[in-house]
Amino acid sequence: MVSISTNPVVTENTRYENARKRSAEVAYTRHADYTGGNEAKRNELAQRLTNTLVDSQPKEFQKLGAGQLKQVALPLGETLEETIQSWRHVRSEALSKTDPSEVDHQLAAAASAKIMEAEAQLALEDRLRSAQLTEASREDSLMQPKESNSATDSSLADAMQKLYDQASAAYAIQTSAKQHGYMEASPAYSLVA
């Protein structure tokens with residue numbers, strides 16, 4: 001008994017389209033996770049701020065003793081860039097006085113630490129994003145027809161071989177010249193007329 005397959009033949013175009021769909025789905029879910037996470041944090045911070053504002057209104061002013069620090073809560077921006085800008089503003093405000101106190105210096109140092117932390121997180125996100133892009137471009141290049149890749153690979157290999165041959169020829173000339181007693185030409189600084 002002979003069976004006939006009803007599955008369509010998978011072509012290069014369908015593989016390419018499937019890879020693009022997968023990449024789009026991954027990008028969409030990561031974006032949704034990122035924005036959803038930020039929105040949840042924003043809502044939580046807003047809830048905390050409204051609760052602390054309601055609780056802190058009936059309290060009277062309390063004078064701080066020596067060595068005590070007032071805790072300052074700063075809002076986060078919607079993006080890391082906005083957060084960095086707000087911390088930079090805090091740092092500049094803390095150091096804007098003509099004679100900043102020790103507390104101002106401590107606040108500026110804390111702001112600098114938060115700036116570096118946010119910049120590191122931003123750098124990690126950029127690095128992850130670039131790794132994802134290179135992976136996607138690698139997948140796309142694998143999905144393209146082999147003729148174009150083999151042509152560029154062979155021309156790249158030929159160019160690399162030519163450079164290697166030139167370098168080895170120059171090295172061979174230099175070593176043979178040194179063996180025969182020739183020295184590299186050096187400039188003459190004392191000329192007698």
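Is Glu17 buried, partly exposed or exposed? Glu17 is partly exposed, because its relative accessible area is 35%, between the 20% limit for buried and the 50% limit for exposed. The model is predicted.

- Glu17 pairs with Arg20 through a side-chain salt bridge, with an N to O distance of 3.6 Å.
- Both residues belong to helix α1 (residues 12-56), where they are three residues apart, about one turn of the helix.
- Arg20 counts as partly exposed because its relative accessibility is 44%.

- A salt bridge of 2.8 Å (N to O) joins the side chains of Arg88 and Glu119.
- This pair links distant parts of the chain, with Arg88 in helix α2 (residues 80-94) and Glu119 in helix α3 (residues 102-143), 31 residues apart.
- Glu119 is partly exposed, as its relative accessible area is 33%.
- Arg88 also counts as partly exposed, at 33% relative accessibility.

**Salt bridge with a buried partner**
- Lys97 and Asp104 form a salt bridge in which the closest N and O atoms are 3.4 Å apart.
- Asp104 is buried because its relative accessible area is 12%, and buried means under 20%.

**Nonpolar surface patch**
- Leu156, Met160 and Leu163 make a nonpolar surface patch of about 330 Å².
- Leu163 is located in helix α4 (residues 146-179).
- Leu163 counts as exposed because its relative accessibility is 52%, and exposed means over 50%.

Definitions and conventions:
Residues are numbered from 1 along each chain as its sequence is written. This is a predicted model: local features need pLDDT of at least 70, side-chain atom pairs count only at pLDDT 80 or more; totals for chains, interfaces and linings use all residues. Side-chain values use heavy atoms; hydrogens and water are left out. Patches are made of residues with over 30% relative accessible area and no salt bridge: like charges are joined within 9 Å, nonpolar side chains (Val, Leu, Ile, Met, Phe, Trp, Tyr) within 5 Å. Accessible areas come from the Shrake-Rupley method with a 1.4 Å probe; for residues, only the protein chains shown count as cover. A salt bridge is a side-chain nitrogen of Lys or Arg within 4 Å of a carboxyl oxygen of Asp or Glu. Helices (H or I, at least four residues) and strands (E, at least two) are DSSP runs, numbered from the N terminus. Buried means under 20% relative accessible area, exposed over 50%, partly exposed in between (1.4 Å probe, protein chains only).
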